[in-house]
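The structure is shown first.

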Amino acid sequence: VFFQYSGTKYSGVMETSVHQSGVGVQNYLEKAAQNLKPAVPIKFHISSRTDSGVHALCNSAHLDIQRAPGKPAFQERELICGLNHHLKPEPIRILSAHRVTNDFHARFSALSRTYIYRLLMGCPHHSEVPVFERDLCWAPAGGYLNVPAMQDAARFLLGTHDFSTFCSLNSETPFRSPVRTILQADIRPSSGFLSHHYEHRGLEFWELKFRSKSFLYRQVRRMVGALVAVGQGKLTPHHIKELLEIKDARAFPPHAMAPPSGLFLKSVEY
């Protein structure tokens, strides 16, 4: 299944236990699935982990559904409508469903993942962000960024590198290779929600797009934060190359990580 969600109110996409403070998107997906009366509890195996506050235009998961004896298998449309009915009123929607072979795995069968990060320029202070864009973009302090310098810096991220400096440390860090291949790193103008109604404010929306087979923990937010620091003149484009070569998470500039609110998982490709 492919599904989307606004991540603002959730602890992330992964399920949480009753002892944890926040609730994950997966908790709601599995609760909705249980309302379909399966013979065996349904488990969602999610392709891409997203953090608290991060959104998904399209994430994916696989699941096995065993119905009671004599009950026919769900048709794709029936499954989509049933899950969405039980997901109301959560900001989570099933987009599509596809029957797959038994050896398919939502996480390990993925060829690549694409993330976009939305930046808003022209807002010297976060209190000036349009109310309809709240929690859906980042307006860096100062208002304007040197986009050509950011584009020069982004080129250093392309290709295969050890991204240790761009990985936040967590329990999995010692067991995962820090080497990743960035297939795409673009910075392009974008549009805002209803922005044509306040053109007089001179606001500019930009999107940073990154594509890779997989990403390290908080890697995209660290890459965005470093590129914004370049746009603010705090770093030079060549500093990005130096940060890659250092290969040490502790060398990452303090307070430079981008907030979660502007990050969207755009798609998972198979």
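## Annotated binding site

UniProt, in an unreviewed entry, places the feature "binding site" at Tyr-115; UniProt positions follow the numbering used here, feature names are shortened, and annotations may be inferred rather than shown by experiment. The model is predicted: local features need pLDDT of at least 70, side-chain atom pairs count only at pLDDT 80 or more, and totals for chains, interfaces and linings use all residues. Residues are numbered from 1 along each chain as its sequence is written, and side-chain values use heavy atoms, with hydrogens and water left out.

Tyr-115 belongs to strand S5 (residues 112-121); helices (H or I, at least four residues) and strands (E, at least two) are DSSP runs numbered from the N terminus. With a relative accessible area of 8%, Tyr-115 is buried (buried means under 20% relative accessible area, exposed over 50%, partly exposed in between, with a 1.4 Å probe and protein chains only). Neighbours within four places in sequence aside, the contacts of Tyr-115 include Ser-48, Arg-49, Thr-50, Phe-210, Phe-215, Val-220 and Lys-266, contact being heavy atoms within 4.5 Å.

## Annotated active site

The unreviewed UniProt entry also assigns "active site" to Asp-51. Asp-51 sits in the loop between strand S2 (45-46) and strand S3 (55-62). Beyond four places in sequence, Asp-51 is in contact with Ser-11, Gly-12, Tyr-217, Arg-218 and Arg-221.

## Helix H4

Helix H4 (residues 219-231) comprises 13 residues and spans 18 Å from its first C-alpha to its last, close to the 18 Å expected at 1.5 Å a residue; the expected span is 1.5 Å times one less than the number of residues. Because 13 of the 13 residues of H4 are buried, the helix is largely enclosed by the rest of the structure. Just after H4, Gly-233 adopts a positive phi of about 85 degrees.

## Two loop residues

Thr-165 is located in the loop between strand S6 (159-162) and strand S7 (179-190), and counts as buried at 1% relative accessibility. The side chain of Thr-165 reaches the backbone nitrogen of Asp-248 at 3.0 Å. Residues up to four places away in sequence aside, Thr-165 touches, among others, Arg-222, Leu-243, Ile-246 and Phe-252.

Ser-127 occupies the loop between S5 and helix H3 (147-154) and counts as exposed at 55% relative accessibility. A polar contact of 2.7 Å links the side chains of Ser-127 and His-125 (a pair of N or O atoms within 3.5 Å; within protein, one must be able to donate a hydrogen and the other to accept it, and residues adjacent in sequence count only if both atoms are side-chain atoms).

## Nonpolar cores and domains

The largest nonpolar core contains 67 residues, and those with the most contacts inside it are Phe-3, Phe-44, Phe-166, Phe-210 and Leu-227; such a core is a set of buried Ala, Val, Leu, Ile, Met, Phe, Trp, Tyr and Cys residues joined through side-chain atoms within 4.5 Å. H4 supplies the largest share of this core, 8 residues. The core draws at least three residues from each of domain 1 (2-96) and domain 2 (112-269), with bounds from an automatic or database domain assignment. A second, separate core of 8 residues includes Leu-120, Cys-123, Val-129 and Ala-139.

The centres of domain 1 and domain 2, taken over C-alpha atoms, are separated by 28 Å. Their contact takes 16 residues from domain 1 and 17 residues from domain 2.
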